Structure formats: structure tokens, C-alpha cells
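User: Hi! I'm new to this one and would like a quick tour. Could you show it to me first?

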Amino acid sequence: MFFPPNTTSIIQPMDQGVIHTFKKYYLRKTFRQAIRATDGNNDKSFTEFWKEYDIYKAVKNIGDAWNEISISTMSNVWNKLIRKLTEDSMETEQVKVEEVDNVISELIEMTKELNLNLEEEDFLNLINSYSMEMNNEDLMELENLRKEKYFSEH
């Protein structure tokens, strides 16, 4: 038996908010590191920071971002799916939603410090991008864009 098409986000509670929250925390952690690296006596550019940003740092940031996910965030996700099994109050849920939404504002402020031209819509597109599945044509187009960019720079 197969699930009906386009039901993943309904069936999988992680898609109901935890992934969004995780991405916001991950970006905030990474941007904070970039600001520290490019501020003050370090004299490092954002490009230099990014070239030194390796898998180890990414994995560490993934762990730190995941640790920021609160029990109430997880409960709220499950609450949306199975209301009868959870007993969180609406007040706790509202506080957590506002707290997570403030992360976007923080990220926008950090981009100003890093001289990046990013707006709220850019972050929302990135955070929501996980739900878009790519087909073969999309992947081929992405590869062609990458090649065009490479050859135009060299």
C-alpha cells in the first residue's frame, strides 16, 4: 500500500515546523561565527570565512542547532498532528512561535553586519526549500547553470 501523492508534509510531523526551526537556528549559529571571524582584529573577509567553513564546523553547528530545538517545539509539532495525545497550552505554543520568528529578524540584522543583501523573503525561500522536490530536468538545469557560471568566471 502506498501513501497518496503530496501527503509527506501532513504525515511526517518533522515537516510541520521542526525543520524550519532547525534551519533558522543553524543559520543564526553560522552567521554569528561569520560575524566573529570578520569583526575586530581578525580582518577576515566573509569569503575567507566561507572558504574555511568545513564539514567539521558544519556538523558541529548542526548539533548545536538541533540542541536548541526545545521540547515545547517538538510537542507543538506533534500537537498539530495528534491533538489528543499532547497537552501543551496555547500560551506556550504562542511564545515559542514568536521566539522562532525573532530569529529571522536576528538573521536580517546579521546580514547587514556581513554586508550581504538578504531580506526576509530570501530566508523564507531558503527555509521552505526543503519541501521542493527536484526532478531530473531541474537537476540538469541546475548543473547547466553551475557550468555557465564556472565558464563565465574563467
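User: Let's start with Trp78. Where is Trp78 found?

Analyst: Trp78 sits in helix H5, which covers residues 71-81. Keep in mind that this is a predicted model.

User: Okay. Is Trp78 buried, partly exposed or exposed?

Analyst: Trp78 counts as partly exposed, because its relative accessibility is 39%.

User: And how far apart are Trp78 and Gly17?

Analyst: In sequence, 61 residues separate Trp78 from Gly17. In space, their C-alpha atoms are 9.7 Å apart.

User: Nice. Zooming out, how many helices and strands are there in the protein?

Analyst: The protein has eight helices and zero strands. Read from the N terminus, the order of elements is α-α-α-α-α-α-α-α.

User: What share of the residues counts as buried?

Analyst: Of the 154 residues in the protein, 29% are buried. The accessible surface of the protein is about 11500 Å², and carbon and sulfur atoms hold 55% of that surface.

User: Then what are the angle and distance for H2 and H4?

Analyst: H2 and helix H4 (residues 55-68) pack at about 125°, and their axes are 8 Å apart. That angle makes H2 oblique to H4. The crossing of H2 past H4 is right-handed.

User: Which residues meet there?

Analyst: On the H2 side you'll find Val18, Phe22, Tyr25, Tyr26, Arg28, Lys29, Thr30 and Gln33. They meet Ala58, Asn61, Ile62, Asp64, Ala65, Trp66 and Glu68 of H4. The residues in this contact of H2 with H4 comprise eight nonpolar, three polar and four charged.

User: How do H2 and H7 pack?

Analyst: Helix H2 (residues 18-38) and helix H7 (residues 120-128) pack at an angle of about 125°, with 9 Å between their axes. H2 and H7 are therefore oblique to each other. H2 also passes H7 in a right-handed crossing.

User: Who makes that contact between H2 and H7?

Analyst: H2 brings His20, Lys23, Lys24, Leu27 and Phe31, while H7 brings Phe123, Leu126, Ile127 and Asn128. The contact of H2 with H7 divides into five nonpolar, two polar and two charged residues.

User: Last topic: what is the phi of Asn115?

Analyst: Asn115 has a positive phi of about 55°, although Asn115 is not a glycine. For background, most residues other than glycine have a negative phi.

User: Where is Asn115 placed, and is Asn115 buried or exposed?

Analyst: Asn115 lies in the loop between helix H6 (90-113) and H7. Asn115 counts as exposed because its relative accessibility is 67%, and the cut-off for exposed is over 50%.

Notes
Residues numbered from 1 in each chain as written. Predicted model: local features only at pLDDT ≥ 70, side-chain atom pairs only at ≥ 80, totals over all residues. Heavy atoms only, no water. Axes fitted to C-alpha atoms, helices over the stretch in contact; angles between N-to-C directions. Helix = DSSP H or I, 4+ residues; strand = E, 2+ residues; numbered from the N terminus. Parallel < 35°, antiparallel > 145°, perpendicular 65-115°, else oblique. Left-handed = near helix turned anticlockwise from the far one by under 90°. Contact = heavy atoms within 4.5 Å. Nonpolar A, V, L, I, M, F, W, Y, C, P; charged D, E, K, R; others polar. Buried < 20%, exposed > 50% of the residue type's maximum accessible area, 1.4 Å probe, protein only. Areas by Shrake-Rupley, 256 points an atom, 1.4 Å probe, with all protein chains shown as cover.
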